[in-house]
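Q: Hey, I've just opened this one and I'm new to it. Can you walk me through it?

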Amino acid sequence: MVLLAPFINKLLEKLSKREYIVLLIITIFCGEVIPVIGNTTFSLDKGFGDILAVYLVGGYIRRYDIVTKKFHLIFAVIATYLFMLVSILILWKIVGYEGNITRFTYGILPFTMAISIFLIFVEIPSFTNKTINWFASSVFATYLMTENIYADKFIWTELFNTTSYENPLLISGFGLLIAVFLVIITVFVDKFRILLFNHLKLERRIHRIIDKIVF
């Protein structure tokens, strides 16, 4: 995605608002809805299509802004989260652990929840906090490391062995604690990567190569 971003940005600059909306609808449907029903032609549950949809929405918000009442955003966050919890309980009763009880915990529901949370914080009056900024600058790295299809399986089934728990609600609570732990660990890993890249001047060299290709 990092390598494709300069090319994607150039294409987006040429789109009208109407064309951008059509592109968003198609991308979100293919990347966030279709994978939920088992079709991975465009994207896996956490594949490139998912990341592309998030990137395009972020670009749209930056370019056109989205004006929505905070109440609607909070309602969307609560509703999608509750729906995901309920879906886990229902699927657990129907198919047990032999089936995919987390089918609705990826795709359009968490996508909607994440965008709503983002918009809530965008509307909060700006302030500066060094600690928050320090962590925030590496949150995307946390996503890339933990949502990798191979790392995901290792973290949840081998490292923490969440499959040993039989109560879905207990899994959700335990999962929240694991998520906080993973954020802390991966942020420090990313900070070490930044120090290493700066020392080796890798980012500067990569940017020069991309600039030569694009421009």
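This is a predicted model: local features need pLDDT of at least 70, side-chain atom pairs count only at pLDDT 80 or more; totals for chains, interfaces and linings use all residues.

Q: OK. How many helices and strands are there in the chain?
A: There are 10 helices and 0 strands. Going along the sequence, the pattern reads α-α-α-α-α-α-α-α-α-α.

Q: And what does the C-alpha trace span along its principal axes?
A: About 55 × 45 × 40 Å.

Q: What share of the residues in the chain is buried?
A: Buried residues account for 28% of the 215 in the chain.

Q: What about contacts, how many join residues at least 24 apart?
A: If you take contacts between residues at least 6 apart in sequence, 69% of them join residues at least 24 apart.

Q: Let's go inside. Which residues of the largest nonpolar core touch the most other members?
A: Those are Tyr20, Leu24, Leu56, Val57 and Phe111, out of 20 residues in that core.

Q: Which helices each supply at least two residues of this core?
A: H1 (5-13), H2 (17-33), H3 (48-64), H4 (70-95) and H5 (108-123) each do.

Q: How do H2 and H3 pack?
A: They pack at an angle of about 155°, and their axes are 9 Å apart. Angles over 145 degrees count as roughly antiparallel, so that's what H2 is relative to H3.

Q: Left-handed or right-handed crossing for H2 and H3?
A: Left-handed. Among the residues making the contact are Tyr20, Leu24 and Thr27 of H2, along with Leu52, Leu56 and Tyr60 of H3. The residues of this contact split into 11 nonpolar, 4 polar and 4 charged.

Q: You mentioned Thr27. Is it buried or exposed?
A: Thr27, which sits in helix H2, has a relative accessible area of 5%. Buried means under 20%, so Thr27 counts as buried.

Q: Which residues does Thr27 touch?
A: Not counting residues up to four places away in sequence, Thr27 touches Glu32, Phe42, Gly49, Leu52, Ala53 and Leu56.

Q: Now the other pair. At what angle do H4 and H5 pack?
A: About 150°, with their axes 9 Å apart. That makes H4 roughly antiparallel to H5. H4 passes H5 in a left-handed crossing.

Q: Which residues meet there?
A: From H4 they include Leu73, Val77, Tyr81 and Met84, and from H5 they include Leu109, Met113, Ile117 and Ile120. The residues of the contact of H4 with H5 come out as 13 nonpolar, 3 polar and 2 charged.

Q: Changing topic: where is Thr128?
A: Thr128 lies in the loop between H5 and helix H6 (130-136).

Q: Buried or exposed, that Thr128?
A: Thr128 has 68% relative accessibility. Exposed means over 50%, so Thr128 counts as exposed.

Q: Last one: what separates the C-alpha atoms of Thr128 and Leu159?
A: They're separated by 36 Å, and the two residues are 31 residues apart along the chain.

Note on methods. Residues are numbered from 1 along each chain as its sequence is written. Side-chain values use heavy atoms; hydrogens and water are left out. A nonpolar core is a set of buried Ala, Val, Leu, Ile, Met, Phe, Trp, Tyr and Cys residues joined through side-chain atoms within 4.5 Å. Buried means under 20% relative accessible area, exposed over 50%, partly exposed in between (1.4 Å probe, protein chains only). Helices (H or I, at least four residues) and strands (E, at least two) are DSSP runs, numbered from the N terminus. Axes are lines fitted to C-alpha atoms, for helices over the stretch in contact, and angles run from 0 to 180 degrees between N-to-C directions. Angles under 35 degrees count as roughly parallel, over 145 as roughly antiparallel, 65 to 115 as roughly perpendicular and the rest as oblique. A crossing is left-handed if the near helix is turned anticlockwise from the far one by less than a right angle, and right-handed if clockwise. Contact means heavy atoms within 4.5 Å. Ala, Val, Leu, Ile, Met, Phe, Trp, Tyr, Cys and Pro count as nonpolar, Asp, Glu, Lys and Arg as charged, and the others, Gly among them, as polar.
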